[in-house]
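Take a moment to look over the sequence and the fold. Then follow the text from the surface to the core.

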Amino acid sequence: QRTDIVALLDEWASRFFEELDYNREGANATKFAEQMKADLPQVVVPKTYAQFTSRRVITSEWLDGEKLSQSTADDVGTLVNVGVLSYLKQ
């Protein structure tokens, strides 16, 4: 079976440019935040400000926090589990 390289590249390029559309990314972040609110309330997703977002610029809320590398060893296991669950949820 031969692979249609042109069709494969067209599909990849289409998805790639969808990912670069920050209007779409902002909408996806809002949708993801709603999903997380019900099942994983400890996951905080920055609010996207749609009125200040365009295809090339995304504007979102600033959240203070710490890097995973700055967390204590006791917290890392819990945080990794939450990260995996978040990934699987989306």
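Which residues do ring pairs link into a cluster? They are Trp 12, Phe 16 and Phe 17. Keep in mind that this is a predicted model.

The structure holds two aromatic pairs. In one, the ring centres of Trp 12 and Phe 16 lie 5.1 Å apart and the planes meet at 20°, so this pair is stacked. Planes under 30 degrees apart count as stacked. Both residues sit in helix H1. They are four residues apart, about one turn of the helix. Phe 16 also pairs with Phe 17. Here the centres are 5.5 Å apart and the planes stand at 80°, so the pair is edge-to-face.

How open are these side chains? Trp 12 counts as exposed, because its relative accessibility is 54%. The cut-off for exposed is over 50%. Phe 16 has a relative accessible area of 37%, so it is partly exposed.

Now widen the view to the surface. Trp 12, Phe 16 and Phe 17 belong to a nonpolar patch there, along with Leu 20, Tyr 22 and Ile 58. Together these residues have about 580 Å² of accessible area. Helix H1, residues 5-19, gives the most to the patch, with three residues. Ile 58 comes from the loop between helix H2 (22-39) and helix H3 (73-89). Ile 58 is partly exposed, because its relative accessible area is 36%.

The largest nonpolar core has six residues: Phe 32, Met 36, Leu 40, Val 43, Val 45 and Val 82. Leaving aside residues up to four places away in sequence, Val 43 touches Met 36, Val 82 and Ser 86.

Terms used
Residues numbered from 1 in each chain as written. Predicted model: local features only at pLDDT ≥ 70, side-chain atom pairs only at ≥ 80, totals over all residues. Heavy atoms only, no water. Patch = residues over 30% accessible without salt bridge, like charges linked within 9 Å, V, L, I, M, F, W, Y side chains within 5 Å. Areas by Shrake-Rupley, 256 points an atom, 1.4 Å probe, with all protein chains shown as cover. Salt bridge = Lys/Arg side-chain N within 4 Å of Asp/Glu carboxyl O. Helix = DSSP H or I, 4+ residues; strand = E, 2+ residues; numbered from the N terminus. Buried < 20%, exposed > 50% of the residue type's maximum accessible area, 1.4 Å probe, protein only. Core = buried A, V, L, I, M, F, W, Y, C linked by side-chain atoms within 4.5 Å. Contact = heavy atoms within 4.5 Å. Phe/Tyr/Trp six-rings, centres within 6.5 Å; stacked < 30°, edge-to-face > 60°.
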